[in-house]
Structure formats: structure tokens, C-alpha cells
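Hi everyone, thanks for making time. I'd like to walk you through one model today, going from its ligands to a helix pair and then to the backbone. Have a look at the picture first.

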Amino acid sequence: MNTILVTGGAGFIGSTFVLLTRQQGLARVVNLDLLTYAGNLMNLEALSGDPDHLFTVGDIGDRPLVQAMLERYRPRAVVNFAAESHVDRSIDGPEDFIQTNVVGTFHLLEECRRYWQALPAAQRERFRLLHVSTDEVYGSLAPDAPAFTENHPYAPNSPYSASKAASDHLVRAYHHTHGLPTITTNCSNNYGPRQFPEKLIPLLIVNGCKGAPLPIYGDGLNVRDWLYVEDHCQALHTVLDRGRVGEVYNIGGNCERSNLEIVRTVCRLLDQLDPAPARTPHEALITFVKDRPGHDRRYAIDAGKIQRELGWRPRETFATGLNQTIRWYLDNPCWLEAVQNGSYRDWIERHYGTNSAGPAATPTAPVRS
Ligand code: NAD
Ligand code: TYD
């Protein structure tokens, strides 16, 4: 049977990948997720009753469990999304990042190697381990420097990006040393439905809808390259089908924006889509707050390799992707209410120093128009 083992498939990108895989009938999906604060079974509700989506709660670092799942379901590929993924949390408490992103990936690699080595020749040939990583491993770019290619040296700056870099190196080493058929992808910042509202875009939407401050770190001129999550997941399927073993593919949206541009665009869309007089114009909610320590100034992805070799390119523009994203959050108040639970409110309070309504209005610089 055509089966894929997906790890971290209840999170933001993993659940989008699983939904897309099932909706397009591409494979049976076995989904292994620890259901940390970021994992959410509501993300997978559309698949309830689907006999070809099999969900297990568990840790990628639990070797007996991973071994048993590989033996039982005999996947033709493993796609590894499981990770701690938020930079600010990695600054606040890096231990889980080392445990899951480094040690967990190591255990997963060991079990994949053992499984793969025992496969019959034809299946061995076909097996793939696709490791999903980030552009943050390359470090920060100067304003006019060319975008990251796959050959850019690694220079991770946060505990999160250092842990992802370590996992990428382990994946590379398992291919180089053992011949494990791995492929690594490094993608830029994703946005879209079902993203946990600790990351910039969903946080702005959630706070904007509540009339709470929209916190912008530092001067707001840090630049990210935004990629719509479904475009990313289509790229991952392309790589899984036709990517060259042992290679790295950068995936990006060709969409560099400063954080100030992002917040202003979100505000304009909220003015149209959620025009409550009490919180319009939403730009009045923009609040400059203390900068993130070690805040990388700019990321940008050169996605030329995947485009040339595999013919992938993103379909959504930032305007269409962001419009769909905001509509999704407005249309899913139950999802939003469920994720803004006690532990979410604790994080917001600890990180932004405020009550549960949202970040405190303690600007370090005046809002400029
Ligand atoms: P997320 O935080 O939304 O989801 C992570 C998922 O992994 C959650 O469902 C969580 O429960 C699960 N998980 C955590 N630890 C686990 C463990 N030990 N065992 C099993 N499951 C575990 O993250 P995301 O945004 O969906 O990111 C997915 C992957 O893509 C990550 O590897 C991340 O580094 C990478 N990535 C994300 C972005 C982005 O913009 N979100 C950009 C580049 C790369
Ligand atoms: P984030 O979504 O955390 O992704 P990453 O740090 O992995 O790129 O942040 C995106 C950008 O937005 C980054 O430059 C930090 C900034 N940011 C804010 O200005 N305010 C916030 O409250 C958050 C969470 C992020």
C-alpha cells in the first residue's frame, strides 16, 4: 500500500500537508504527533471517518513506538515536520527544542535507517525521508545581499535555528555515511489557515479582531519572505515525487516584506473584512515593543533550483494568500477560542507582559504612519 508516515501532522504545516495528501488521494497517511501546545486535532477534523488517515499520539524520539509504526504500516516515505518551531519560545526555554529537534530527529533517523536497511531491494530504492527545515539556518542577510541558495553557509543565530541546523546536519550525515535516501527542504516563513497565533501574522489577525495592540518588535524593518502554506505543501509533494536523493531544495514565496508592511497590509484587510467601528482603523493598534534578542534582520530564499529542476513555483500572491488567511480566521471562531486557552494566555502574558487580552501597550517608539 502507498503509505506515508507524517510526523508533526497535527501542527500548522503538517496538518495542511496531511489534508492535501488525503484530499488529493495521494497516499494513506499515518500521522505521529505528540500534541504539544502547537498540535491540534481540530486541524484534522475534516478527516474524521477517513480510514486512510491513521493518527497516533507520540514522540518522534520514542524509538520503540517509531519502530513499531514503521514495521506495522510499511511506509514508502517519512515526512518529518515534528519540531518546536517558535523562535521566541526557544529564547525563553530552549530545552524542548534540543530534545525534539535534535535528539528526536536523531532517534527518528536511527529507526528509519534500521527499517530502510531491512526493506526488499525495490522498496529500498523507492524509500524517502523528507526532512522539513527552515531558511533560518542560513542566518541573517544584509539588505542588498543575494537571497539564500542551497549553498549558503549555515549560520544559525537563535536556539531554534541552531537546533534545526543540527537536525539538518544529522540528516545530511545519515545520507552521506549510510546512504539513507534523504531530501531536506529549507523554506521561508509560512502563513495560512490553522497557524498557531503566536507567530506574527495570526497574532496580528487575532489581536486586530479583539482591538488589542499589534506588537511590532524593534523598528519593524526586519524582512521575511512569505510563503502560502498550501504552496509549500505542494512543493513538498513535488520534492517527494521527483526530488533527487541527498539533495537540498530551498522553497520560498518570492515575497519579501518588512514587518511594518505586513502589519499595515493586515490592518487594511481587517478594515475591509472586519469593519467594527470601535477598532477601525486597525493601524491605530500598531505598537512598537522591545526587540527580540538576536533578531535576524532579513531572510530571503532563492527558489531557483526547485523551479528549474522540478518546475515548482508558488501559485498564490501575497494578496490572495493573505485574504484567504484572514477570512479563514474570521470564519473559524471556535478554533480560535479553543487555542487561546490558559497556556496560550500564560505565554502571551509572560512574553508581552500583559493580561490575557493581548500584548501590553508599552511602545518603545511612537507609531509612525
Ligand atoms: P508547529 O509548531 O505548528 O507544529 C509542530 C507540530 O509538531 C505540532 O503538531 C507538535 O505537536 C508536533 N511535535 C512537537 N514535538 C514533537 C515530538 N517530539 N514528536 C512528535 N510530534 C511533535 O510547526 P509548523 O509551523 O507546522 O512547522 C513544521 C515544520 O516546518 C517544523 O519543522 C518547522 O521547523 C518547519 N518550518 C516552519 C516554518 C513556519 O513558518 N511555520 C518555516 C520554515 C520551516
Ligand atoms: P515569527 O512569526 O515569530 O517568525 P520568525 O521569527 O520565525 O521569522 O516572526 C516573524 C517576524 O515578525 C520576525 O521578524 C519577528 C516579528 N514579530 C514581531 O514583530 N512581533 C511579534 O509579536 C512576533 C511574534 C513576531
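This is a predicted model: local features need pLDDT of at least 70, side-chain atom pairs count only at pLDDT 80 or more; totals for chains, interfaces and linings use all residues.

Which element gives the most to the shell around ligand 1? That would be S5, with three residues. The shell as a whole has 28 residues, and the closest are Ile13, Asp33, Ser85, Tyr160 and Lys164. By type, they divide into 13 nonpolar, 12 polar and three charged.

Now the polar contacts of ligand 1. Two of them use the backbone: an N or O atom of glycine 11 lies 3.0 Å from an oxygen atom of the ligand, and a backbone N or O atom of phenylalanine 12 lies 3.1 Å from an oxygen atom of the ligand. From a side chain, aspartate 59 places a polar atom 2.9 Å from a nitrogen atom of ligand 1. How much of ligand 1 does the protein cover? On its own, ligand 1 has 840 Å² of accessible area, and the protein covers 97% of that. The elements giving two or more residues to this shell are helix H1, residues 12-23, strand S5, residues 128-134, and helix H6, residues 159-178.

Let's move to ligand 2. There are 19 residues around this one, and Glu136, Arg224, Arg292, His295 and Tyr352 come nearest. The division by type is eight nonpolar, five polar and six charged.

A side-chain N or O atom of glutamate 136 is 2.5 Å from an oxygen atom of ligand 2. Histidine 295 has a polar side-chain atom 2.7 Å from an oxygen atom of the ligand. Leucine 200 takes part through its backbone, with an N or O atom 2.9 Å from an oxygen atom of ligand 2. Taken alone, ligand 2 exposes 510 Å², and the protein buries 97% of that.

Which elements build the shell here? Helix H3 (87-92), helix H7 (200-210) and strand S8 (214-217) each supply at least two residues. S8 has the largest share, three residues.

Next, a helix pair. Helix H2, residues 63-73, packs with helix H4, residues 95-117, at an angle of about 35°, and their axes are 10 Å apart. Is the crossing left-handed or right-handed? H2 passes H4 in a right-handed crossing. On the H2 side, the residues are Arg63, Val66, Gln67, Leu70 and Glu71. They meet a set in H4 that includes Phe106, Leu108, Glu111 and Tyr115. The residues of this contact divide into six nonpolar, two polar and five charged.

I'll finish with the backbone. Most residues other than glycine have a negative phi, and most peptide bonds are trans. What kind of peptide bond joins threonine 280 and proline 281? A cis one, with omega about 5°. Proline 281 lies in the loop between helix H9 (259-273) and strand S13 (286-289). Then there is leucine 35, with a positive phi near 55°. You can find leucine 35 in the loop between strand S2 (28-33) and strand S3 (53-57).

That's my tour, and I'm happy to take questions.

How values were computed:
Residues are numbered from 1 along each chain as its sequence is written. Chains are lettered from A and ligands numbered from 1 in the order in which they are written. Side-chain values use heavy atoms; hydrogens and water are left out. A residue is near a molecule or strand if one of its heavy atoms lies within 4 Å of it. A polar contact is a pair of N or O atoms within 3.5 Å; within protein, one must be able to donate a hydrogen and the other to accept it, and residues adjacent in sequence count only if both atoms are side-chain atoms. Accessible areas come from the Shrake-Rupley method with a 1.4 Å probe; for residues, only the protein chains shown count as cover. Helices (H or I, at least four residues) and strands (E, at least two) are DSSP runs, numbered from the N terminus. Ala, Val, Leu, Ile, Met, Phe, Trp, Tyr, Cys and Pro count as nonpolar, Asp, Glu, Lys and Arg as charged, and the others, Gly among them, as polar. Axes are lines fitted to C-alpha atoms, for helices over the stretch in contact, and angles run from 0 to 180 degrees between N-to-C directions. A crossing is left-handed if the near helix is turned anticlockwise from the far one by less than a right angle, and right-handed if clockwise. Contact means heavy atoms within 4.5 Å.
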